[in-house]
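Here is a friendly walk through one protein model and the molecules placed in it. Have the sequence and the 3D view open as you read.

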Amino acid sequence: MDSFFITGTDTDVGKTYVTAGLAVTLRKMGIDVGVMKPFAAGTAQKKGFKSEDIEILSNAAQVNDPESLVNPQFFPIPASPYTASKKLKIKPKISTVLTNFKKLSKLHDLILVEGMGGLMTPIQKNYHIASLIKDMKIPSVIVTSSRIGTINHTLMTCMMCKKYKIPIQGIIINDFENGYPTPQLKRDLEDLTGVKVLGSIPFIKDMSDTSLNRIFKKNLDIKSLLK
Ligand SMILES: Nc1ncnc2c1ncn2[C@@H]1O[C@H](COP(=O)(O)OP(=O)(O)OP(=O)(O)O)[C@@H](O)[C@H]1O
Ligand SMILES: C[C@H](N)[C@H](N)CCCCCC(=O)O
Ligand SMILES: [Mg+2]
């Protein structure tokens, strides 16, 4: 069963929320889901995982994989690995990330890998999130918002995926802020990109398993995701 790299049009577009919802829904279908966030950045949590994203994803997938495996590198400043590693004079651990991904793939049926920022977030000078997806040899899922302006961001992201020859399994609209009506946005994005929109996720008030499973089963074409 294929793993997926959940990328997005930007930071804060909802990759974590969408990946968590997918993890719960696939787990409830009996799939042994693993999660990974190769690189994370920001203010480290005082307890548990440094990255809040990893805490959310591990809870959603109900896995006990160690932090060192699921999040090989955490940068304690809110920036790309390229910027943070220059500032902190440390090297991004790309080979560790790829080794860990292989290890996780042996432990679970599939891995949901969450990116960081957008597709062209630099990890080092000539190596971006897009390069990492290529090296992981897995298809992408693009999370986009419904905000006015999302069409430009989504088209650029799809074009760069095509340039890097990264397969796109589908686009997921994260409709948590007011913007375009989602049926119109779905129609326009599919027409403009030729990529299937797998569905649209509304504002999520309750991140419980029951709530996420209900919302994602109702709003997403999971069959197309897994085909
Ligand atoms: N569907 C949603 N319902 C409610 N709030 C949402 C939703 N999606 C995103 N948010 C809000 O937006 C914030 C950013 O979302 P999220 O952390 O998923 O972004 P991200 O793309 O994972 O960012 P990063 O690049 O830092 O990993 C969340 O903390 C939450 O407050
Ligand atoms: C700290 C933030 N929430 C993300 N995790 C990192 C976003 C990197 C963005 C790089 C860029 O400016 O494009
Ligand atoms: Mg995130």
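## A predicted model with a magnesium site

Please keep in mind that this is a predicted model. Three residues coordinate the ion: Thr16 through OG1, Asp53 through OD and Glu114 through OE, at 2.0 to 2.2 Å. Along the sequence, these donors follow the spacing T-x36-D-x60-E. Thr16 belongs to helix H1 (residues 15-28) and Asp53 to helix H2 (residues 52-61), so this pair, 37 residues apart, links distant parts of the chain.

Is Thr16 buried or exposed? Its relative accessibility is 9%, and because buried means under 20%, Thr16 counts as buried.

## Around ligand 1

Ligand 1 has 16 residues around it, and the closest are Thr11, Lys15, Thr16, Asn174 and Ile204.

Several polar contacts can be picked out in the viewer. Thr11 places a polar side-chain atom 2.9 Å from an oxygen atom of ligand 1. Taken alone, ligand 1 exposes 630 Å², and the protein buries 79% of that. The space that ligand 1 takes up is the largest pocket.

## Around ligand 2

Where does ligand 2 sit? Ligand 2, too, is found in the largest pocket. Its surroundings are made up of Thr11, Ala41, Pro78, Ser80 and Met116. An N or O atom in the side chain of Thr11 is 3.5 Å from a nitrogen atom of ligand 2. On its own, ligand 2 exposes 390 Å², of which the protein buries 59%.

## Ser85 in helix H4

Next, have a look at helix H4 (residues 81-88), which holds Ser85. What does the side chain of Ser85 approach? A polar atom of that side chain lies 2.5 Å from the backbone oxygen of Pro81. Ser85 has a relative accessible area of 7%, and therefore counts as buried, the limit being under 20%.

Helix H6 (residues 129-136) is mostly covered, with six of its eight residues buried. These are Ile129, Ala130, Ser131, Leu132, Ile133 and Met136. Just after H6 comes Lys137, whose phi is positive, at about 55°, although Lys137 is not a glycine. Lys137 lies in the loop that leads from H6 to strand S8 (140-145). With a relative accessible area of 70%, Lys137 is exposed, because exposed means over 50%.

Asp12 also has a positive phi, near 65°, and is likewise a residue other than glycine. You will find Asp12 in the loop between strand S1 (4-8) and H1. At 64% relative accessibility, Asp12 counts as exposed.

Conventions: Residues numbered from 1 in each chain as written. Chains lettered and ligands numbered in written order. Predicted model: local features only at pLDDT ≥ 70, side-chain atom pairs only at ≥ 80, totals over all residues. Heavy atoms only, no water. Donors = N, O, S within 2.8 Å, 3.2 Å for Na, K, Ca; no water. Helix = DSSP H or I, 4+ residues; strand = E, 2+ residues; numbered from the N terminus. Buried < 20%, exposed > 50% of the residue type's maximum accessible area, 1.4 Å probe, protein only. Near = heavy atom within 4 Å. Polar contact = N/O pair within 3.5 Å; in protein donor to acceptor, adjacent residues only side chain to side chain. Areas by Shrake-Rupley, 256 points an atom, 1.4 Å probe, with all protein chains shown as cover. 1 Å grid on protein atoms, 1.4 Å probe; cavity = no way out; pocket = protein on both sides within 12 Å on 5 of 7 lines; lining within 4 Å. Sits in = over half its atoms within 2 Å of the grid points.
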